[in-house]
Amino acid sequence: MTQIVNQPQIARYTVSDYHKMLEAGIFPDEVKTELIDGEVYLMPPMGAEHYGILVRLTNELSHHLWEKACVVSQVPIELTDTTEPEPDFIVLEYREDYYSRRKGTVQESLLFIEVSKSTLDHDRHVKLPKYAQSGVPEVWIINATKEVFSLEVYRNPVGDEYTNIQKLSEGKKAALLEFPDTEIRWW
Amino acid sequence: VVVMQTTFQAEPIKPYKRLYSLEEFFAMSEAGLFKNQRVELINGEVIVVPAQGPKHAGTIALLIEVFRDSFKDKAVVWAQLPIVFESKMRDYVEPDIALLALPREQYAQRFVFPQDAYLVVEVSVSSLEDDRTDKLQMYAKHGIQEYWIVNVEEQKLEVYRNPAGEKYHSLQILNLGQTIAPLEFPQHEIRWW
């Protein structure tokens, strides 16, 4: 951590600091943490509905994208020097070795998926801008709040925004930009 | 028969910024996070303290000498060293100067707490606003009896006394060359400049 300040300021941590904190056992009891813009966030524990959506999508994505892409769930990915989130899914370019020798990078990412119940605001306003800035080409937010159940598809990152946004309601399958003919049941 | 119906709906827990305890702050320091960086822990957040320019450092050096000469054998001069405030999240701050009760040896065994301090001094070059608001509220709240702000640019000394809540009831402003004695040592007037 090297932060040049001329007024007292809240410390911001690098990914390397964050890893040292994880190794030192600073976060012993918590389910999940993420580093966004140098600040560590605690993520709420996963509920039954979130779990169910993950299981369905894991199978759906793996089945339809078999040997076309690599799908990984709930692993951290380093976006910048100070941002390392853990999306619910990352769809990566296909590699025959299934990334067994090194981690996938942002450049190899085709799609991030977030399942949002209590995290909707955080996903839309804190994480999504970081995804756009890092050039993640496509993000799906499954809005599974009490009021709504829909899929928000974000494409075409420009600065810290996505300029192409679509909403799909339950029953309407979605396809990745990269594989327009492969329809995915997301609900 | 009155049947009372209650509905209970739990708020979903949202992501929130992680705050740190004093123990975690020390563990982070040990893990090498704060190398070459002055830090404090306030309300669970780690605060990075700016590097010190010559005006700030020079004034502190001068004050250390003045305080040592005036309070030799009466108090411990504690310069830019930690004081811990006991609250829900324990704070760890390093005031520019504090005058502490003797004996000095006890502070090698345990943390310094506000009740050990007769006086806390902040030297303000660029930090005046922060020293008058956030720092002042924190010192008052934790019962620091007397708080001085050395306003370097305007060459004034602000003397705050009688803490109540997050304020001090008494404020005295001294000009260059005037003398002042801390409440605890009324016979020991010092020239603050």
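In the predicted model, a salt bridge links B:K17 to A:E39, with the closest N and O atoms 3.1 Å apart. The count of such bridges between chain B and chain A is 1. Polar contacts across this interface, with both residues at pLDDT 80 or more, number 8 residue pairs. On the side of chain B that touches chain A, the elements giving two or more residues are β1 (16–17), α1 (22–30) and β3 (45–49) of chain B. Of the elements on that side, β3(B) gives the most, with 5 residues. By residue class, the side of chain B that touches chain A divides into 17 nonpolar, 5 polar and 7 charged residues.

The contact as a whole draws 29 residues from chain B and 30 residues from chain A. About 2,500 Å² of area is buried between the two chains, and carbon and sulfur atoms give 61% of this area. Within chain B, the residues that lose the most area to chain A are B:P15, B:R18 and B:L33, which together make up 25% of what that side buries.

Strand pairing also joins the two chains. Strand β1 (residues 9–10) of chain A pairs with β3(B) in the antiparallel sense, over 2 bridges. In this pairing, A:I10 has B:I47 of β3(B) as its bridge partner. A further arrangement that includes strands of both chains is an open sheet of 3 strands, ordered β2(A)-β3(A)-β1(B), with antiparallel pairing. The edges of this sheet are β2 of chain A and β1 of chain B; each has a single partner strand, so one side of each is left without a neighbour in the sheet. Between β2(A) and β3(A), the antiparallel pairing extends over 5 bridges. Here A:K32 stands opposite A:M43 in β3(A).

Backbone geometry was examined next. In chain A, A:D37 is found in the loop between β2 (32–36) and β3 (39–43). Phi of A:D37 is near 55°, a positive value in a residue other than glycine. The relative accessible area of A:D37 is 36%, and the residue is therefore classed as partly exposed. A positive phi, again near 55° and in a residue other than glycine, is also found at A:Q74. The loop that holds A:Q74 runs between β4 (69–73) and β5 (89–93) of chain A. With a relative accessible area of 23%, A:Q74 is partly exposed.

In chain B, a cis peptide bond joins B:L102 and B:P103, with omega about -5°. B:P103 is found in the loop between β7 (97–100) and β8 (117–124) of chain B.

A residue of helix α3 (residues 128–141) of chain B, B:L128, was also considered. B:L128 has a relative accessible area of 16% and is therefore buried, the cut-off for this class being under 20%. When neighbours within four places in sequence are left aside, B:L128 is in contact with B:I149 and B:N151. The C-alpha atoms of B:L128 and B:E24 are separated by 30 Å, and these two residues are 104 residues apart along the chain.

Key. Residues are numbered from 1 along each chain as its sequence is written. Chains are lettered from A and ligands numbered from 1 in the order in which they are written. This is a predicted model: local features need pLDDT of at least 70, side-chain atom pairs count only at pLDDT 80 or more; totals for chains, interfaces and linings use all residues. Side-chain values use heavy atoms; hydrogens and water are left out. Helices (H or I, at least four residues) and strands (E, at least two) are DSSP runs, numbered from the N terminus. Buried means under 20% relative accessible area, exposed over 50%, partly exposed in between (1.4 Å probe, protein chains only). Contact means heavy atoms within 4.5 Å. Buried area is the accessible area (1.4 Å probe) that two parts lose on being put together, summed over both. A salt bridge is a side-chain nitrogen of Lys or Arg within 4 Å of a carboxyl oxygen of Asp or Glu. A polar contact is a pair of N or O atoms within 3.5 Å; within protein, one must be able to donate a hydrogen and the other to accept it, and residues adjacent in sequence count only if both atoms are side-chain atoms. Ala, Val, Leu, Ile, Met, Phe, Trp, Tyr, Cys and Pro count as nonpolar, Asp, Glu, Lys and Arg as charged, and the others, Gly among them, as polar. Two strands pair if DSSP finds at least two bridges between them.
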